[in-house]
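Dear colleague,

I am handing over the structure below, and my notes on what was found in it follow directly after.

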Amino acid sequence: MSSLESLPGYDASAPLLSVSDLHVRFGRAQVVNGVDYAVDGGRTLAVLGESGSGKSVTARAIMGLVRPPRGTVTAGSVKLRGVDLLTLPEESRRRLRATTIAMVFQDALSALNPVLSVGYQIAELFRAHRGLSRKEAHKRAVEVLDLVRIPAAARRARDYPHQFSGGMRQRVGIGLAIALNPQVIIADEPTTALDVTVQAQIIRLLREIQREHGTALVLITHDMGLVADVADRVAVMYAGRVVEQGGAAEVYAGPAHPYTEALLGAIPRPELRGRRLAVIPGAPPDLTGPDGGCRFRPRCGYGVEACEQAPPALAVGPGRLAACHEWKRVATP
Amino acid sequence: MASSTLVSASAEPRHGLWRELLRRPAFAVSSAVALVICAMAAVPQLFAGWFGAGDPRRCALVDSGLPPAPGHPFGFDIQGCDLYSNVVYGARSSVLIALLVTAGMMLIAVVLGGLAGYFRGWADALISRVMDVFFGFPSLVGMIVILQAASTHNELTVSAVLILFGWPALARVMRGSVLAVATSEYVAAARGVGSGTSRILLRHVLPNSFGPVAVLTGLNIGGVIASESALTFLGVGLQTPAISWGVQLNTAQQYFLTAPHLLIFPSIFLTVTVFSFVLLGDALRDAFDPRLR
């Protein structure tokens, strides 16, 4: 179906999406500093972390949306079934977007062109990638809108983005991402701007699509509750690195990195009502400075001398990694 | 249910825009005048014959410089031709030049400004520096020098010179709005669904960044007509066998004291035309700029 099989390096047994040692630089700031994660078909990887931790930039780098002069991918690889996207010529890479790998943007209003009707914008995909006629493409676009539960899809297809409510708009955004049945969907905080009931609908929609097509889903979020619900694996990012990675249940049950522990501790709980909310002291580090040692050190309660050296990702269990010298102390309750 | 109200609401704004425009007296009057001027330019025969004398080239030197007389409401020019029909025919070159210059400037500005704003890098550096050179240069002097050196002086050469010195201001506006649009999320999203560069430029960047340039161009039309007359008046634009308001004013300056009507009637037409185009541009800007609504 897609042209992925014919590209160099294709290996059916390799993971669907694997990112390794990705480095992205924006001017003087090293915003992504060696990210590794992988996700397979039908699975959901949640990428957690605070604003500015490099979650979205990693996603954009995977999609090839980090472009000079604003930013450059300086090292690493992004592989789809073994095909390295970063070494691929731009034209073959362009063909893979939307057909094999697609992205749902955080703010659907700004991600939709205000002067084109939503039906046109979805139909454009079918015309550009599948070579369908204008009429046929429009029919398919209405089907897509129907699939993402837009009521009266045929009529709403002629409406413009500003005429939709926030939740509807995000559905259109998801429609754009799933229209060509990609194998990998990266959802960059798809529910952040929405209220809780709509959030649940959007996530349910993404899950259904994933179940039907066996899509690999990378869900970028800072909503810990959402992660617990839907993710198979989580990758926790801090200052441009994945500091902890593992099965969602295990990471939640026993975090092995002080940052994960602090993040989980900061979730408000009903039984702690009336008490002060837990916070992580300090502020995220300045990424323009030189990288000396563990980036979390200034905010960490476990700091030891060894933290002057940046910790490598250590295997702390089956399929679990944590970038902390003191993970044993953190993991023991 | 909600969707049906939204659909009906969507038809409203365009309707309302028209109605609101027509309700503005400035728009109604200026567009009527502009329409009449354009009609004069397209078919001067229809207007020139109103008072009997229709042919601007049928002249009798006996009548040279005579004031208004029955059948000749504007009098006669220095060659003894009917001034009214000359003024009517004069609209043609003004409107033609206005159209050519506006289209040319807009084309160059959209292409160069768009390329500079979208691709940045060396293309932007080159185009922006060229624009800076034009901004730093006294354009009237430049236009006079070039036209002095030109061997022919017709509508095309005058338009070319006006375009040459007019495009940078528009291109800079275009570059600015393309810069804003090119970094917007929907352009990233378009790229993310595999749109190629040409599709992104034509479908996403251009329609979203065209507005300010279109409005500015509309405001400029009056200025273009005035500059054409100024160049002709200075003697470097269109020249005598040609019929234009600038040429008429240029001739009139020598006979101003003895035959003031030679100066008065063409300048009334010129002023009213320029004024109505400026008002029209203003009204359109007010109507289309969402921040002013």
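The helices α7(B) and α9(B) are roughly antiparallel to each other (the term for angles over 145 degrees), since they pack at an angle of about 155°, with their axes 9 Å apart. Their crossing is right-handed, and the residues in contact (C-beta atoms, placed from the backbone, within 7 Å) include B:V158, B:L162 and B:L170 of α7(B) as well as B:V205, B:N208 and B:S209 of α9(B). By class, this contact has 14 nonpolar, five polar and one charged residues.

Please keep in mind that this is a predicted model, in which local features need pLDDT of at least 70 and side-chain atom pairs count only at pLDDT 80 or more, while totals for chains, interfaces and linings use all residues. Residues are numbered from 1 along each chain as its sequence is written, and chains are lettered from A and ligands numbered from 1 in the order in which they are written.

Between the chains, 21 residues of chain B are in contact with 28 residues of chain A. On the chain B side, α1, α8 and α9 each supply at least two residues, and the largest share, six residues, comes from α8(B).

In chain A, all five residues of strand β3 (44–48) are buried (20 or more other C-beta atoms within 10 Å of the residue's own), with A:T44, A:A46 and A:L48 pointing one way and A:L45 and A:V47 the other.

With best regards

How values were computed:
Contact = placed C-beta atoms within 7 Å. Helix = DSSP H or I, 4+ residues; strand = E, 2+ residues; numbered from the N terminus. Axes fitted to C-alpha atoms, helices over the stretch in contact; angles between N-to-C directions. Parallel < 35°, antiparallel > 145°, perpendicular 65-115°, else oblique. Left-handed = near helix turned anticlockwise from the far one by under 90°. Nonpolar A, V, L, I, M, F, W, Y, C, P; charged D, E, K, R; others polar. Buried ≥ 20, exposed ≤ 12 C-beta atoms within 10 Å, placed from the backbone.
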